[in-house]
Amino acid sequence: MNLRKVLNLILVEVCFFLSRLFRIPILAGNPWAASIEPTTSCNLRCPECPTGMQSLLRPKGNVELEKFTKILDKLSPDLFYLTLYFQGEPLLNPDFPEMVKAARKRRIFVATSTNGHFLTGENVNKIIESGLSHLIISMDGTDQQTYEKYRIKGNLQIVTDGIKRLVAAKKAANTSTPFIELQFLVMRHNEHQMQEMREFATLAGVDKLAFKTAQVYNFDAESTIIPALKSKSRYRQTTDGEWVMARKVRNRCHRIWSSLVITWDGRAVPCCYDKDANHQMGNLLDEPLSEIWKNQHYTAFRRQVLKNRSETEICRNCGE
């Protein structure tokens, strides 16, 4: 953090408060958080993921280091939180460690999420040397049979070995980073293993264990994925048998005032729920941030969210 970043953060948060108060989009400052997509490739075929289902409609590819740096330079003066993830498995981009180094050099906190299949000895050392701040590792089962029901083509042993390897290498390097978060997506077929996951996390020595609710796209075919444990479900079933969001979609969204998402080819979209970049606001490879962040399209999108957010399709399945 520096004075400019702190003042920008305050300005953005005040504008969000005023926008909610007066029900009109008021915007000053720049995004203090962003996500940049390293790749759309993935080794798994998870059934509720557009990449896993191979249903992603936009172009697929990897961001090149030179283009990543170009995007980062436009964001970095006011940015202090960067997520190197959108769709795909970020560690499949060979330039991933260099991307982290570039962001850390600009004094930006860097987080990412991985399915844990590429935590080899070489990659673990590169991750630690890069200065990555926060690493989320997804592990949705404590035995192979349960794990692969969702993480199709996944190998639980490879993941658990990688976690232990990373924890050991971090201790050997005597460093506090990356902060290692183990994430368990709670579904009907694995909710009985939550206690076993707590025990594994303790023995493995990770920094945090998080139980996350699952997002569902196809309720007719996949409603069995929704856990019976209501506290770990985003959805509830009506008396007619229809699945709806457990919480009401409110006419507000902090994300589109504070952050944006950049696809591997530079497209700026409002948030991580816009998987196919249907709400493209511009392209940071070709345009300055100022012309994207406050353009008419973005302003109209924010106005619609404040007026009736549920009319925007990507917002209907969002739990914010």
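Which residue in β5 does serine 138 stand opposite? Select serine 138 and look across: the residue opposite is glutamine 183, in β5. Keep in mind that this is a predicted model.

**The strand pair**

Now show the open sheet of nine strands. Its order reads β6-β5-β4-β3-β2-β1-β9-β10-β11, and the pairing is mixed. Go to the edges next: select 208-213 for β6 and 282-283 for β11. Each has a single partner strand, so one side of each is left without a neighbour in the sheet.

**The core**

Select Leu82 and Ile163. In the largest nonpolar core, which counts 80 residues, these two touch the most other members. Then colour residues 156-172, helix α6. This helix gives the core its largest share, six residues.

Stay with leucine 82 and display its contacts. Leaving aside residues up to four places away in sequence, leucine 82 touches Ala34, Ser35, Ile36, Phe68, Leu72, Ala103, Ile108, Phe109, Val110 and Ala111.

**The cavity**

Last stop. The structure holds one cavity of 30 Å³ or more. The space in the largest cavity is about 70 Å³. Select Cys253, Cys271, Arg309, Cys315 and Cys318: among the 13 lining residues, these lie nearest the centre. Colour the lining by type: 10 residues are nonpolar, three are charged and none is polar.

Note on methods. Residues are numbered from 1 along each chain as its sequence is written. This is a predicted model: local features need pLDDT of at least 70, side-chain atom pairs count only at pLDDT 80 or more; totals for chains, interfaces and linings use all residues. Side-chain values use heavy atoms; hydrogens and water are left out. Two strands pair if DSSP finds at least two bridges between them. Helices (H or I, at least four residues) and strands (E, at least two) are DSSP runs, numbered from the N terminus. On a 1 Å grid over the protein atoms alone, a cavity is a set of points where a 1.4 Å probe fits but cannot get out, and a pocket is an open set with protein on both sides within 12 Å along at least five of seven lines; lining residues have an atom within 4 Å of a point. Grid points are joined across faces, edges and corners, and a volume is the space filled by probe spheres set on the points. Ala, Val, Leu, Ile, Met, Phe, Trp, Tyr, Cys and Pro count as nonpolar, Asp, Glu, Lys and Arg as charged, and the others, Gly among them, as polar. A nonpolar core is a set of buried Ala, Val, Leu, Ile, Met, Phe, Trp, Tyr and Cys residues joined through side-chain atoms within 4.5 Å. Buried means under 20% relative accessible area, exposed over 50%, partly exposed in between (1.4 Å probe, protein chains only). Contact means heavy atoms within 4.5 Å.
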